[in-house]
Amino acid sequence: MAENNIECNSVVDGNVEEVPNKKIIKFNPPLYKQRYQFVKKLVEQHQPKKVADLGCGDVCLLMILKYQKCIEELVGVDINEERLKWNGFRLSPCMGDHLDPRELDLVITLYHGSVLEKDCRLLGFDLVACIELIEHFDSEDLAKFPEVVFGYMSPAMIVISTPNSDFNSLFPSAVFRDSDHKFEWSRMQFQTWALDVANHYSYSVEFTGVGEPPAGAEDVGCCTQIGVFRKIAKATESAVLEHHGEHVYEVIYTTSYPSLQQMDYCRRVVTYLVYREVNRMKRRYQVSLRQHELEPESADTGNPKIHLRPSSPVLTEADKAMEMIPQPFCIGDKFYVPLERIIAYPRLGHICGNVEKLREFLADVVELNCDGSAVKVDLHDCGDY
């Protein structure tokens, strides 16, 4: 949403320009965040596995997209090598990524190079984002851009954002929004170019935007105009070229994230979840034991006796749906939880699929009973006293 204010500054994307006694427009959230959120929603809607950000700059969009569970490969390309080197570390896995690995593998790579060059490692992508990029091209580079991105890369979807010059009349100064911009198009100019490119390379295109104008100025459209291109004809030879084409870009940074596709991490997560559930059920069992030990044998006796027979654990509402599944039990000072009971918990069931796979994960890591049907732990340990 845009707001009018009487001040002496002009603000677009956080840039401030001194313009005395003029109205300015502030966007909430900031315009650059609205653009990134648009791409994020596009990813959530279409679930692409391979995503590239051309002109990735300070990698802010990549930082947002790395949390999308569907993405398995994330690539950024930029002409500014130092900027890539400086910001690459922001994409590194953190401690939480190791403690709670994502379900699918994720590889992130930053390439130094021009988006106008053809590199076969950018083939076969599901989504390519070009956010506030094309307005930095001169006429010669702009002419090359469609042939490289639409013709050669030929991803399933392309999203392009660029300033809407119709909106500029609302700003205090009539100059371009950035000193490096070579042009800024009206909606008619952008749509004419986009439709021509889409028709030439067999794409459809839909137009939208972010950064709504203030009340009374709706006719100028959104501050940022966006074209979403979708491939009509399926690519046939990109998969072959991907492995036999030329590598032009220089790899500046690459990292891979822990995932449940990697056996070591998967076993670690399964083991942790099993111990967590077993200990949770054991604590409930111990609580129920203590409660029965404190109950009087009869209300008429002066010296209350203690129940020695343990009861079943107290179940939550979620657990009640699993009452037909084998329950935990105690023999002597050992507490047992059937594997059928453990795998009934949603995440463990999702990861393992069946009891046999769960037993395989727990082999040589968790103690099982003699027939391998239940996890076996001490009913009481040092932490219980």
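## Salt bridges in the predicted model

Buried means under 20% relative accessible area, exposed means over 50%, and partly exposed covers what lies in between. With that in hand, take Glu367: its relative accessibility is 45%, so Glu367 counts as partly exposed. Its salt-bridge partner is Lys376, with the closest N and O atoms 3.7 Å apart. Lys376 comes out at 22%, so this residue is partly exposed too. Bear in mind throughout that this is a predicted model.

The total is 15 salt bridges. Side chains of opposite charge can pair when their charged atoms come close. Another pair to look at is Asp378 with Lys334, at 2.3 Å from N to O. This one ties together distant parts of the chain: Asp378 belongs to strand β13 (residues 374-378) and Lys334 to strand β12 (residues 334-338), 44 residues apart. Asp378 has 36% relative accessibility and is therefore partly exposed, and Lys334, at 23%, also counts as partly exposed.

What about a pair away from the surface? Arg121 and Asp119 form a salt bridge at 2.7 Å, N to O, and both residues are buried. There is also a network of salt bridges, which links Arg276, Glu277 and Arg280.

Now for the strands. Strands of a sheet pair through backbone hydrogen bonds, either parallel or antiparallel. Here, eight strands make an open sheet with mixed pairing, and the order across it is β8-β9-β7-β6-β3-β4-β5-β10. At the edges sit β8 (203-210) and β10 (250-257), each of which pairs on one side only. On average, neighbouring strands of the sheet are turned by 15° against each other, direction ignored.

Which strand pairs with β3 in the parallel sense over three bridges? That is β6: residues 50-54 make up β3, and residues 127-131 make up β6. Helix α5 (residues 139-153) lies across β3, β6, β7, β8 and β9 (224-231), and runs at about 160° to β7.

## A histidine in a loop

His181 turns up in the loop between β7 (157-163) and α6 (187-200). Is His181 buried or exposed? Its relative accessible area is 11%, and buried means under 20%, so His181 is buried.

As for its surroundings, the side chains of His181 and Glu184 are joined by a polar contact of 2.7 Å. Setting aside neighbours within four places in sequence, His181 is in contact with Glu135, His136, Pro163 and Phe176.

## Helix α12, end to end

Helix α12 spans residues 355-362, and its buried residues are Val355, Leu358, Phe361 and Leu362. These cover an arc of only 120° around the axis, so they sit on the same side of α12. And what covers them? The cover includes α8 (263-293), α10 (339-343), α11 (346-352) and β13.

At the start of α12, a side-chain oxygen of Asn354 reaches to within 3.2 Å of the backbone nitrogen of Glu356. At the other end, Asp364 follows α12, and its phi is positive, near 65°.

Terms used:
Residues are numbered from 1 along each chain as its sequence is written. This is a predicted model: local features need pLDDT of at least 70, side-chain atom pairs count only at pLDDT 80 or more; totals for chains, interfaces and linings use all residues. Side-chain values use heavy atoms; hydrogens and water are left out. A salt bridge is a side-chain nitrogen of Lys or Arg within 4 Å of a carboxyl oxygen of Asp or Glu. Buried means under 20% relative accessible area, exposed over 50%, partly exposed in between (1.4 Å probe, protein chains only). Helices (H or I, at least four residues) and strands (E, at least two) are DSSP runs, numbered from the N terminus. A polar contact is a pair of N or O atoms within 3.5 Å; within protein, one must be able to donate a hydrogen and the other to accept it, and residues adjacent in sequence count only if both atoms are side-chain atoms. Contact means heavy atoms within 4.5 Å. The arc is that of the directions from the helix axis to the C-beta atoms. Two strands pair if DSSP finds at least two bridges between them. Axes are lines fitted to C-alpha atoms, for helices over the stretch in contact, and angles run from 0 to 180 degrees between N-to-C directions.
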